[in-house]
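I set out to record, entry by entry, what I looked up in this structure.

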Amino acid sequence: PKLLSFNAQTGTTYTFVASDADKLVTTSNASAVTVTIPPSVFSAGDEIHIQQIGVGQVTLAQGAGVTITSTGATAAAPKLRARYSAATIICTASNTFTVVGDIA
């Protein structure tokens, strides 16, 4: 079986890269963190997992031409709800993503 790989991020901004597909990206910062989903990097069926392990709340942002859908209060810019919350970002079509998980 394939084991999950990790990508630990400690800054206040990060943009996903192609190698983040099928990884758990963790964020650890005392300040708010913005993670951007870039255009033309992921394909339908790709998944990226994310977890906020620091106290800085994570907001997912749309790169140019990217559409995010979610049940978050701001559907196109969902936030992880609290420290240790996690979510999965699923590429459903070219530059289109849905976010599921513990979001606000």
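**Entry 1: the model.** I noted before anything else that this is a predicted model.

Entry 2: I looked up how the strands are arranged and found an open sheet of three strands, ordered 2-4-6, with parallel pairing. I then asked which strands stand at the edges. They are strand 2, covering 13–15, and strand 6, covering 58–62. Each of them has a single partner strand, so one side of each is left without a neighbour in the sheet.

**Entry 3: one pairing in detail.** I followed strand 4, which spans residues 33–37, to its pairing with strand 6. The two run in the parallel sense and are joined over five bridges. Which residue of strand 6 is the bridge partner of Val 33? I found Val 58 in that place.

**Entry 4: Ser 40.** I checked the backbone of Ser 40 and found phi near 60 degrees, a positive value in a residue other than glycine. I located Ser 40 in the loop between strand 4 and strand 5, the latter being 47–52. Is Ser 40 buried or exposed? Its relative accessible area is 66%, and the cut-off for exposed is over 50%, so Ser 40 counts as exposed.

**Entry 5: Asn 95.** I found a positive phi for Asn 95 too, near 60 degrees, and this residue is likewise not a glycine. Asn 95 sits in the loop between strand 8 (86–93) and strand 9 (96–101). Its relative accessibility is 16%; buried means under 20%, so Asn 95 counts as buried.

**Entry 6: aromatic pairs.** I asked how many aromatic pairs the structure holds. There are two. One of them joins Tyr 14 and Phe 16 edge-to-face, at 6.1 Å centre to centre and with 90 degrees between the planes. I found both Tyr 14 and Phe 16 to be buried.

Phe 42 and Phe 97 form an edge-to-face pair as well, with 6.1 Å from centre to centre and 90 degrees between the planes. Phe 42 belongs to the loop between strand 4 and strand 5, and Phe 97 to strand 9, so this pair ties together parts that lie 55 residues apart in sequence. I recorded Phe 42 and Phe 97 as buried, both of them.

Key
Residues numbered from 1 in each chain as written. Predicted model: local features only at pLDDT ≥ 70, side-chain atom pairs only at ≥ 80, totals over all residues. Heavy atoms only, no water. Pairing = 2+ DSSP bridges. Helix = DSSP H or I, 4+ residues; strand = E, 2+ residues; numbered from the N terminus. Buried < 20%, exposed > 50% of the residue type's maximum accessible area, 1.4 Å probe, protein only. Phe/Tyr/Trp six-rings, centres within 6.5 Å; stacked < 30°, edge-to-face > 60°.
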